Amino acid sequence: MQGARVRATVVPVSEGNTPGDGFLVRFWGVRGSIATPGPATARYGGNTSSIEVRCGARLLLLDAGTGIRYLGGALVREAPVDADFLFTHTHFDHVCGLPFFKPFFQPENRFRLWAGHLDEGLTLHRVLREFMMAPLFPVPPDVFKAAIEYRDFRGGDTLPLDRAQGINVRTARLNHPNGATGYRIEYAGKSVCYITDTEHVPGKPDRNVLGLIEGADIVIYDCMYTDEEYARAYVGWGHSTWQEAVRLCKAARVKKLVVFHHDPDHDDDRMDAIGREVAAAMPGAVVAREGMTLLP
Ligand SMILES: [Zn+2]
Ligand SMILES: [Zn+2]
């Protein structure tokens, strides 16, 4: 049922609005923490964090939650694929789709996997090896056939990613258990920021976030809770609110806010209500849903 619904709502890459030299953002997974298939979440989608970004011919993949499986199915037809994964962090909901990403099993493909949240001594390669390890998982990452490079960096670095093609990627550290990294992707005079998972401190706007999102065209932000839910039950859980997103985006003169990383307990009707409130608070703001495509 879930598979049928996703195929019906997602615009396939092959017939989609992929621009020749433009900038495109497409959502394949918008849910936080755990996938939530079923009729109550069918309109916004139940898959966890996965976003496709096209900068002309270059492909960037933001996180690899369960949504990446559907993107992978579409990408198989584009082989050979050469792309970069930008991971916010390695919590399960952001990496659990990786072993099911079909382009990893095509030898003609090439991927670079970037992560900036790990402390000294831990590497992305090691973390993913330990995540795909018996008896938790039947096969190790060695089964992948594509050329895969693991690239660790420090949150705050600017990534050496195709500046020759006019792509600039800046990063910042986020406030999250075990760390996380926010990204700002600049291309063709526009900018898209991906800020999840992160917790705010009420009354103290996060300077790292403000610095990264200043003047951005699109900001995709961790809006897991409402201010009321956060204060009541979720201080210290590592996530933020749509109201804090509005405060940050207004302070940083952001053009468009995208509500992201939806709470698994927020069904479609609840997301409709949040969408109305956030659009009233910040005109143009939208709630992310699977299949949604934005042109910055
Ligand atoms: Zn998450
Ligand atoms: Zn997390």
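Predicted model: local features only at pLDDT ≥ 70, side-chain atom pairs only at ≥ 80, totals over all residues.
**View 1. The donors around the zinc ion (ligand 2).** Here the protein donors are His-89 (NE2), His-91 (ND1), His-176 (NE2) and Asp-197 (OD), lying 2.1 to 2.7 Å from the ion. Along the chain they follow the spacing H-x1-H-x84-H-x20-D. Look at the angles among the four donor atoms: they run from 90 to 170 degrees, and the site is irregular.

**View 2. His-89 and His-176, brought together from distant parts of the chain.** His-89 comes from the loop between strand 4 (82-87) and helix 3 (92-95), while His-176 comes from the loop between strand 8 (168-174) and strand 9 (180-187). The two are 87 residues apart. His-89 is buried, with a relative accessible area of 1%, and His-176 is buried too, at 10%.

**View 3. The donors around the zinc ion (ligand 1).** Asp-93 (OD), His-94 (NE2), Asp-197 (OD) and His-261 (NE2) coordinate this ion at 2.1 to 2.2 Å. Their spacing along the chain reads D-H-x102-D-x63-H. The four donor atoms subtend angles of 90 to 166 degrees, so the arrangement is irregular.

**View 4. Asp-93 and Asp-197 as a tie.** Asp-93 lies in helix 3, and Asp-197 is in the loop between strand 10 (190-195) and helix 5 (207-213), so the pair ties together parts that are 104 residues apart in sequence. With 7% relative accessibility, Asp-93 counts as buried.

How values were computed. Residues numbered from 1 in each chain as written. Chains lettered and ligands numbered in written order. Heavy atoms only, no water. Donors = N, O, S within 2.8 Å, 3.2 Å for Na, K, Ca; no water. Tetrahedral: all angles 85-135°; square planar, octahedral: opposite > 155°, others 65-115°. Helix = DSSP H or I, 4+ residues; strand = E, 2+ residues; numbered from the N terminus. Buried < 20%, exposed > 50% of the residue type's maximum accessible area, 1.4 Å probe, protein only.
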